[in-house]
Amino acid sequence: MKKLQLIGLVILYTLLGNTAFASALKDITGQVIDASTKQTLPGATIFIPDLKVTAVTNNDGAFTLKNLPTKGTYLVEVHYVGYKTATQMVNLSTGAGLQFSLQPTAIETKEIIITGSLISSTSKRNSASSAVVGKDLLLQPSTNLIDALTKIPGVSQITTGPSISKPVIRGLGYNRIVTLDDGIKQQGQQWGDEHGIEIDQFKSDRVEILRGAASLMYGSDALGGVINLLEPSTAPEGQVKGEFITNYSTNNGLTANSLMLNGNENGFVWRARGTYKNAYSFKTPTGYFPNSGFNETDLSGMVGLNKSWGYTHLNVSNFRNNIGFYEPALDDNGNFVKEDGSAFTNSDYKSRTLDYPRQDIRHFKIALNNNFVLGNGNLKADFGYQQNQRRELDGPDPALFFDLKTYNADLKYYIHETNGWQPVFGLSIDDAHSQNKGTEFLIPAYDTFGLGVFAYAKKNWENSTFSIGARYDFRKNNGKQLFDDGEELFAPFKNKFSNVSGALGFTHQFNDELNFKANAGSAFRAPNPAELGSNGVHEGTFRYEIGNSNLSPERSYQVDAALEYEGKIVSASVSVYNNYIHNYIYAANNGEIRDVDGTDFAVYRYGQVNANLYGTEASLTIHPVPFIHFENTFGYVHAQNNTLDKPLSFIPAGTLRNELRFEPKLKGTNDAYLSVGINSAFKQTRVDEVFETPTSGYTLLNAGIGATFNLGKQPVKLSVSANNLLNQKYYDALNRFKPGRFDQENPSLGVYNTGRNITFGLYIPFTVVK
């Protein structure tokens with residue numbers, strides 16, 4: 001009931017408020033044409049990211065952008081299939097009769113606008129190392145959101161079977177990566193080894209990945225990078241659009257279905273989406289893994305206004321995921337068996353009813369996103385409330401039960417560009433409260449509070465940009481005391497941390513094809529309550545964890561540089577980086593064992609070392625003819641524990657991805673393709689032998705076929721994709737089920753990554769009202 005009251009109050013504010021920011025309405029018209037033939041291009045999409053305003057060209061290639069502010073300069077982007085994306089800075093006080101001339105290209109249209117940095121800009125003018133995953137990549141076969149992003153060099157995942165993935169960017173994960181959804185930091189149990197991201201993989205039209213430290217923008221926890229999920233653009237004026245997605249995967253019977261509707265009537269915008277996924281146990285090349293199925297339900301919606309004073313959008317989502325787990329039990333032949341010693345049957349493996357133990361994860365979020373035209377600039381104001389509940393059940397009642405409530409406020413004031421300079425000033429606040437509601441305990445109940453202020457400025461020249469910024473952060477943690485059976489399980493602790501971060505950035509365009517970018521800066525991460533106060537068995541990781549309330553913050557000093565080339569036949573990029581981290585926090589085991597209810601657990605205590613991570617990412621795409629595309633990416637990170645002079649643990653292996661796509665022009669179809677791909681991982685022998693075992697290299701064969709058919713005027717996209725087509729047995733370096741991590745008592749026991757998987761997909765975009 002409290003949640004419904006909160007939603008109602010914010011909706012009332014959204015629909016009736018904002019009169020103080022009102023100004024005269026402004027509409028801008030324009031046209032989109034082919035730069036070579038001068039023919040008009042009907043169906044092109046025009047979008048202003050910072051105002052969330054969308055238009056589509058009519059049969060004459062003309063468009064109208066409505067309800068715009070009367071002043072201010074904004075970045076406008078234009079998309080059309082088969083053409084390079086065009087961008088232009090438009091001054092709304094003088095802009096009228098715009099014309100965009102698009103250049104045909106054989107290279108796939110790339111998402112080139114980056115909004116997750118402080119100032120929205122093209123990728124070439126954004127100094128941060130970044131990549132964008134568009135709708136096409138997000139629709140390709142994947143078991144969850146993070147799995148879909150690992151095609152980007154530098155991005156990896158910690159997996160616990162197909163149902164749980166945690167992002168890793170340049171070798172850093174957990175609380176060192178910030179995930180933004182609806183403009184708000186996702187706050188769950190990021191510290192947990194087996195805790196995934198509680199976000200619907202279908203809800204975003206595109207995802208931006210910022211590789212490298214981003215504390216200037218997002219404060220503590222953005223030490224390794226940022227994953228920014230962008231809500232779908234609003235429908236054009238007077239239209240109701242939608243999409244239907246359905247997939248089926250043969251390996252674990254995964255069915256995924258999602259339906260979305262999106263409308264706009266005179267600036268009143270709305271969206272609704274429902275997604276449901278269900279899977280039974282996944283199969284490795286040697287057989288099924290028991291009780292590894294899952295089911296996921298996500299309901300989300302948005303209502304808002306796009307007007308001349310800016311926009312205000314209210315986003316609400318309710319996510320629930322149930323995930324099965326299996327505690328190893330073997331018969332004399334080394335086969336998995338039930339607790340009573342009986343064998344699993346095929347019907348057990350394919351049952352969609354989860355047995356115990358299992359997880360029950362729920363995440364409710366409400367976010368109010370605003371951008372007001374105010375004075376000589378814009379005020380972006382994002383407010384959020386989240387409740388994350390994680391239950392770990394051995395029976396009907398939860399054993400572990402974390403209940404975390406988080407409140408966020410993020411304010412940024414953008415002063416309109418003057419003489420090439422654009423300054424930004426910001427303030428962010430977060431307040432979180434976590435309770436233990438179960439019968440077992442791992443981390444104490446706690447309160448946290450964070451405050452950050454920053455100043456940033458960007459200077460644009462004709463071919464170069466320079467950016468500089470500084471930020472101050474303050475963070476306070478308060479761990480609660482707890483007695484269990486008369487013994488103190490958690491001692492109380494209070495600590496405060498503060499930090500100053502800074503960053504410099506530079507880009508230079510040598511010509512239309514060659515671009516350079518570089519960054520240098522510092523960042524920090526305050527210890528989280530799990531690292532400060534843990535004292536208990538972490539069931540999912542099969543170990544006993546003990547925190548350290550005297551930990552210091554991590555400090556990062558990072559530099560990176562990238563060179564990018566985009567020609568008519570070849571596009572390529574290469575980047576290098578070095579990240580030195582002082583007081584890197586990790587949990588170590590020195591042979592200590594603790595008996596808990598008759599079971600021995602290795603004891604891991606949190607400590608600190610100095611670490612250095614450096615590496616490279618590269619891509620090469622060749623288009624010898626328009627219908628052949630040969631794409632290649634490479635990523636490698638080298639991570640060293642400088643204090644103990646040995647490798648850091650749990651670092652991804654080097655990866656090489658190659659894909660050959662044939663895209664013929666077939667009568668009656670659009671976007672037809674046939675692809676063959678090879679995903680290779682090098683062996684990972686740079687391991688800390690106290691924590692993990694080495695992994696061998698592997699090569700996986702993938703293939704896909706698909707096309708868009710028109711049923712009358714309705715497009716229907718069909719696809720079939722095969723992953724690990726040869727059913728290769730392999731352990732990924734970050735697989736939590738690999739030998740040495742899966743079972744502390746039997747370090748040779750492991751569970752291979754997923755075997756052959758064929759996915760059938762259907763995607764139907766449609767228009768209800770036009």
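Tutor: Start with the patch. Leu427, Ile429, Val453, Tyr472 and Val500 make a nonpolar surface patch of about 380 Å². Keep in mind that this is a predicted model. Take Ile429 as one of the patch residues. Ile429 lies in strand 27, which covers residues 421–436. The relative accessible area of Ile429 is 33%. That value falls between the cut-offs of 20% and 50%, so Ile429 counts as partly exposed.

Now the charged pairs. Side chains of opposite charge can pair when their charged atoms come close. The structure has 31 salt bridges. One of them joins Lys52 to Glu231, with 3.3 Å between the closest N and O atoms. This pair links distant parts of the chain, 179 residues apart. Lys52 sits in the loop between strand 2 (45–48) and strand 3 (53–56). Glu231 sits in the loop between strand 16 (225–230) and strand 17 (240–249). Both Lys52 and Glu231 are buried.

Arg390 and Glu198 form another salt bridge, and their closest N and O atoms are 3.2 Å apart. Here too the pair links distant parts of the chain, at 192 residues apart. Arg390 belongs to strand 25 (residues 377–393), while Glu198 is in the loop between strand 14 (184–185) and strand 15 (206–211). Arg390 is buried, and so is Glu198.

Next, Lys517 and Glu564. They form a salt bridge with the closest N and O atoms 3.8 Å apart. Lys517 is in strand 33 (residues 514–525) and Glu564 in strand 36 (residues 554–566), so the bridge ties together parts 47 residues apart in sequence. Burial needs a relative accessible area under 20%. Lys517 is at 3%, so Lys517 counts as buried. Glu564 is at 21%, so Glu564 is partly exposed. Some salt bridges share partners: Arg170, Arg211, Asp560 and Glu617 are joined into one network this way.

Two charges also sit over rings. The charged end of Arg594 is over the ring of Tyr544, 4.5 Å from the ring centre. Arg661 lies over the face of Tyr673, 4.6 Å from the ring centre.

That leaves ring against ring. The structure holds 17 aromatic pairs. In one, Phe63 and Phe100 have ring centres 6.3 Å apart and planes at 40 degrees. Phe63 is in strand 4 (residues 62–65) and Phe100 in strand 7 (residues 98–102). The two are 37 residues apart, and their pair links distant parts of the chain. Phe63 has a relative accessible area of 3%, so Phe63 is buried. Phe100 is at 2%, so Phe100 is buried.

Tyr698 and Tyr730 make another tilted pair, 4.3 Å centre to centre with 35 degrees between the planes. Tyr698 lies in strand 44 (residues 698–711). Tyr730 lies in the loop between strand 45 (714–723) and strand 46 (757–769), so the pair ties together parts 32 residues apart in sequence. Tyr698 is buried, as is Tyr730.

Finally, a cluster. Ring pairs link Phe282, Tyr288, Phe289, Tyr326, Phe336, Phe344, Tyr349 and Phe737.

Definitions and conventions. Residues are numbered from 1 along each chain as its sequence is written. This is a predicted model: local features need pLDDT of at least 70, side-chain atom pairs count only at pLDDT 80 or more; totals for chains, interfaces and linings use all residues. Side-chain values use heavy atoms; hydrogens and water are left out. Rings of Phe, Tyr and Trp (its six-membered ring) pair if their centres lie within 6.5 Å; planes under 30 degrees apart count as stacked, over 60 as edge-to-face and the rest as tilted. Helices (H or I, at least four residues) and strands (E, at least two) are DSSP runs, numbered from the N terminus. Buried means under 20% relative accessible area, exposed over 50%, partly exposed in between (1.4 Å probe, protein chains only). A charge sits over a ring if NZ of Lys or CZ of Arg is within 6 Å of the ring centre and within 35 degrees of the ring normal. Patches are made of residues with over 30% relative accessible area and no salt bridge: like charges are joined within 9 Å, nonpolar side chains (Val, Leu, Ile, Met, Phe, Trp, Tyr) within 5 Å. Accessible areas come from the Shrake-Rupley method with a 1.4 Å probe; for residues, only the protein chains shown count as cover. A salt bridge is a side-chain nitrogen of Lys or Arg within 4 Å of a carboxyl oxygen of Asp or Glu.
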